[in-house]
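Please open the model in your viewer and keep the selection panel at hand. This tour goes from one selection to the next and says what is found at each stop.

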Amino acid sequence: MDVTCLVTNPLVVVTNREPYIDEKIGSGIRTIQTAGGVVSALDPLLQEMGGDWIAWGSGSADRVTAPRGMREVPPKHPRYRLHRVFLSPSEEQGYYTHYANQGLWPLSHMLVERARFSRRAWPIYRAVNQKFARAAAATSVPGAWVFSHDYQLALLPAQLRTMRPDVAIAHFWHIPWPAFPVFRLCPQYQEILRGLLGADVLGFQTSDDVDAFLHAAHRTLKAPVDFDAGHIVWEGRPVHVRAIPISVDFDAIESLVRHPRIARWTGGIRRKLARRDRILGISVDRADYTKGIVPRLQGIREFFQRYPERRGQVTFLQIVVPTRSEVQEYRNLYHQVEEETRRLNREFGDDDWTPVITIRRHIDRARLMGLFRAADFGLVSSLFDGMNLVAKEFVAAQIEGRGVLLLSESAGAANELADAFPINPLDAEGFASTLHEALNIPPAERHARMERMREHVQQHTIYDWLQSILLALSEVSAAYARE
Ligand code: GDG
């Protein structure tokens, strides 16, 4: 889908994570393009249209390649400007590690006992948001469209609006929005709400998130809210609050898995499995406690206990990518996963069969999609998850329609993928029997379910998401122009 025709005003993207990171490697520098839905949708758009992207310059060589904070990207064929916001170690700690990752992240996922809000981190979070806002204000030409992202930058919309009332601002919140009694536990919850309400368009993953946000705004700020229209009047301006579910690039995934190199590799995996009469399950997550990795292993253990005939038949591959290792809880989690895996393998495995294989590193995207294509089942067991792109990627990669998807009902993706087998990550027995049921359905039904989900993802791609945001921005701009 070509969305370029929708971009009528210069576009400024603001994210915490940058699309290109420069790292020192020996005596040289290597540029890494970061992966993920936002980059995969917005990088091609900016490459086509030009524009500006503001992000934290977190790479070890980022200051070298952008001594004044700006670098044109992609490095080989520059098409747009990347503006790096540099942070001191204490800013990084206060803004990123403490306030965003130890406070807002767990609270938004309703894991209240993990959330910590320190009084010291708050002013740093605010000041760093202000730094990003200043960079956006300096970069935006009159009437520009600013598209900012997520829980790291919750204050930016209001800060930017004060500096630049002429720009149209859309902000997308990628993670769940918690129920009001949970949200209220954030000591600065009113400021967070006011910060976000500086946007003209606020995007959330699901209608539940939208409802929870509208409710919070109504309760806290007594702002007039039209719940049906998703509309708040704040400081005399309308704020449009919408569910705009993010997705994946369906065609790009299909062509990755159809590529001869990947198809050969995938074929090799299938042949090996067939020789041993085995089936393959897969899951892929950042090593994050919200993804329910330990409960998932407990469910698998229960499965082998209850259905001994499945022992020796099912191999479960989990890719657990290290993340946020500066936070102690994340380091602990990895040890728990390893411990649980060892225990399970000792209990059920033998010389010929390892029930669970854990890979702890980043895998090349094409191979990852190839593994999704080859698998007999995919498992997503998040405790809470804004969307979960892995679920949609699994579906897009399943071109033979051989696999089944087990999907936590608490992931945003569950609202759309109705043909997945729903699981409750905390119910190990239920998980075991659902997995058993899913593996026993006739191939024709499996195929039909997967086809229906594939059709849905094909019709609701990352470009549809982007289109909705751009259309909303153009409506806002038109309204500004009429004023
Ligand atoms: C947040 C929200 C929301 C993972 N391991 C490898 C790898 N990945 C890729 C996956 C997928 C992405 O990382 C993970 O996306 P998720 O959506 O599953 O999760 P979060 O990182 O928590 O993202 C989430 C998302 O924002 C977007 O709005 O869906 O709810 O929490 O694309 O494939 N990619 C490669 N190798 C790996 O080893 N190449």
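Begin by selecting helix α15 (residues 428-440), which lies across β13, β14, β16, β17 (404-408) and β18 and runs at about 170° to β18. Helices (H or I, at least four residues) and strands (E, at least two) are DSSP runs, numbered from the N terminus, while angles run from 0 to 180 degrees between the N-to-C directions of axes, which are lines fitted to C-alpha atoms, for helices over the stretch in contact. This is a predicted model, in which local features need pLDDT of at least 70 and side-chain atom pairs count only at pLDDT 80 or more, whereas totals for chains, interfaces and linings use all residues. Residues are numbered from 1 along each chain as its sequence is written, and side-chain values use heavy atoms, with hydrogens and water left out.

Next, select the sheet itself, an open one in which six strands follow the order β15-β14-β13-β16-β17-β18 with parallel pairing; two strands pair if DSSP finds at least two bridges between them. Its edge strands, each pairing on one side only, are β15 (356-359) and β18 (421-423), and neighbouring strands are turned by 20° against each other on average, direction ignored.

Within this sheet, show strand β13 (residues 279-286) beside strand β14 (residues 314-321), a parallel pair with eight bridges, and find Arg286, which stands opposite Val321 in β14.

Now turn to the aromatic rings, of which a search of the whole structure finds 24 pairs. Rings of Phe, Tyr and Trp (its six-membered ring) pair if their centres lie within 6.5 Å, and planes under 30 degrees apart count as stacked, over 60 as edge-to-face and the rest as tilted. Select Trp105 and Tyr151, a tilted pair at 5.5 Å centre to centre with 45° between the planes; Trp105 belongs to helix α3 (residues 89-108) and Tyr151 to the loop between β7 (145-149) and α5 (156-163), 46 residues apart.

Is Trp105 buried or exposed? Trp105 is buried, because its relative accessible area is 5%, where buried means under 20%, exposed over 50% and partly exposed in between (1.4 Å probe, protein chains only).

For a last stop, select Arg360, which lies over the face of Tyr334 at 3.7 Å from the ring centre; a charge sits over a ring if NZ of Lys or CZ of Arg is within 6 Å of the ring centre and within 35 degrees of the ring normal.

Notes:
Contact = heavy atoms within 4.5 Å.
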